[in-house]
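The following exercises are to be worked with the sequence and the structure at hand. Each task is followed by a solution in steps.

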Amino acid sequence: MTVAEIDERNATGSLDGLRVLDFSTTIAGPHCTRMLADVGAEVIKIEPADGETMRIRPPVRNGCSSLFGALNAGKKSLVLDLKLPEAAGVIHHLVKGADILVENFRPGVMRRLKLDYPSLQPLNPRLIYCSISGYGQTGPSAELPAYAPVIHAASGYDMAHLAYQPGRNRPDYCGIYHADVLTGVYAFGAISAALYQRQFSGRGQHIDVSMLESMLTLTPNEVQNAQFEVAPPSRPMFGPVETADGYVMVAIASEKTFQGLVHAAGRPEWVADTRFAKYADRRRHWDELMDGVEEWSRTVTTEKCLDELCAHGVPSSAYRTVAEAMGDPQLVHRGALAEVEDEGGTFKVMNLPFRMSGAKVAAGRRAPALGEHTSVVLDEIGLSEDQMVAVAGKG
């Protein structure tokens with residue numbers, strides 16, 4: 001089932017008819033709201049006159065960031081200066097007809113603007129208001145500034161990862177923002193749950209999503225190991241296995257895959273070897289097991305190694321670059337990449353990683369120019385051109 005096939009069979013998304021006011025910036029909030037747009041919601045992104053910060057993040061082509069486009073495809077852009085008193089009146093009008101509001105300012109910002117949940121809930125009791133922040137809306141750390149790399153460190157994730165790097169004692173540098181993407185997904189799930197509940201209660205609610213807590217959910221083993229005494233294997237269980245021309249990743253997580261591995265390596269007698277036969281013994285002698293596997297794997301190419309591993313049912317892969325992964329025939333088959341356009345040209349973005357048999361799930365085909373939909377949206381609430389200019393602020 002590919003995105004293209006779904007598009008042909010279904011005209012609507014599962015959230016068609018819902019309106020989202022998107023006050024979010026950078027990655028976590030925009031990732032959440034792009035997911036909402038991909039499943040059919042109308043998402044109105046509210047930006048300052050000089051644009052959201054991600055509009056200048058590389059890659060930039062002809063003045064347009066494809067990273068911004070990837071996070072905001074399918075949305076509308078409305079320029080408002082939230083510091084102007086008149087802008088609050090505009091937001092109040094929009095809230096009355098909205099279903100969802102998403103913001104990821106530091107806790108207290110929306111309250112100072114009088115756009116927090118208690119201020120807006122009386123205008124629309126059905127409003128689902130989602131706040132994303134580093135540490136949550138309340139508590140001793142609530143108002144601390146936070147970006148994904150800070151949360152990685154604060155959650156223990158970086159030190160947990162370091163524990164699997166033998167011989168190293170300095171945490172890794174951060175270039176991939178797991179906390180942002182993960183928290184955006186949790187926010188999307190929470191909003192979906194609140195929409196379901198609203199069907200029966202008739203009322204919206206405030207959702208408080210914490211990046212810190214989101215990151216901790218990535219370490220289920222480590223959360224348990226932190227509470228109890230667990231002897232680690234002498235060598236991390238999942239790591240690169242050297243071949244004649246590179247490395248492969250092999251994941252041995254069951255008796256079946258263990259037996260497949262030793263047969264692929266030409267050592268079937270290890271199934272009964274007292275060092276490896278039982279899981280607990282295998283963990284203690286993991287170094288010996290993997291050294292033995294590499295005696296075989298170093299004699300064959302990566303391609304040949306993978307052929308043997310796959311033939312024996314062993315989960316494995318070559319180490320690929322993102323560019324190589326994007327060319328995977330499996331992704332092509334599933335229609336995993338969509339082409340999006342903006343004023344700088346076209347580029348590819350990831351579609352959502354799920355398909356629905358009864359609804360359209362696909363990235364919007366266009367990323368909005370700054371303020372592209374300001375006049376259309378504000379015309380709905382009866383503002384004149386002069387009033388539109390006034391509430392947009394400078395620029």
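**Exercise 1.** Determine in which helix Gly260 is found, and decide whether Gly260 is buried or exposed.

*Solution.* In this predicted model, Gly260 belongs to helix H12, which covers residues 255–264. The next step is to compare its relative accessible area with the cut-off: buried means under 20%. The value for Gly260 is 7%, and therefore Gly260 is buried. The last step is to look for residues from elsewhere in the sequence. Leaving aside residues up to four places away in sequence, Gly260 touches His312 and Val314. Glu308 lies 48 residues from Gly260 along the chain, and the two C-alpha atoms are separated by 9.4 Å.

**Exercise 2.** Classify the ring pair formed by Tyr196 and Phe200, and state where both residues lie.

*Solution.* The protein has a count of 3 aromatic pairs. For Tyr196 and Phe200, the ring centres are 5.1 Å apart and the planes stand at 70°, so the pair is edge-to-face. The cut-off needed here is that planes over 60 degrees apart count as edge-to-face. As to location, both residues lie in helix H9 (residues 178–201), with a spacing of 4 residues, about one turn of the helix. Tyr196 and Phe200 are both exposed.

**Exercise 3.** Identify the ring over which the charged end of Arg282 sits.

*Solution.* The ring is that of Phe258, and the charged end of Arg282 is 3.9 Å from its centre.

**Exercise 4.** Examine the backbone at Pro59, Asn62 and Lys114.

*Solution.* Begin with Pro59, which is joined to Pro58 by a cis peptide bond with omega of about 5°. Pro59 is placed in the loop between strand S2 (42–47) and strand S3 (60–61). Continue with Asn62, in the loop between S3 and strand S4 (64–65). Asn62 is not a glycine, yet its phi is positive, at about 50°. Its relative accessible area is 66%, so Asn62 is exposed. Finish with Lys114, in the loop between helix H5 (109–112) and helix H6 (117–120). Lys114, also not a glycine, has a positive phi of about 60°. With 59% relative accessibility, Lys114 counts as exposed.

**Exercise 5.** Describe the protein chain as a whole by its secondary structure, its burial and its contacts.

*Solution.* The secondary structure comprises 19 helices and 13 strands. Of the 395 residues, 44% count as buried. Among contacts between residues at least 6 apart in sequence, 71% join residues at least 24 apart.

Note on methods:
Residues are numbered from 1 along each chain as its sequence is written. This is a predicted model: local features need pLDDT of at least 70, side-chain atom pairs count only at pLDDT 80 or more; totals for chains, interfaces and linings use all residues. Side-chain values use heavy atoms; hydrogens and water are left out. Helices (H or I, at least four residues) and strands (E, at least two) are DSSP runs, numbered from the N terminus. Buried means under 20% relative accessible area, exposed over 50%, partly exposed in between (1.4 Å probe, protein chains only). Contact means heavy atoms within 4.5 Å. Rings of Phe, Tyr and Trp (its six-membered ring) pair if their centres lie within 6.5 Å; planes under 30 degrees apart count as stacked, over 60 as edge-to-face and the rest as tilted. A charge sits over a ring if NZ of Lys or CZ of Arg is within 6 Å of the ring centre and within 35 degrees of the ring normal.
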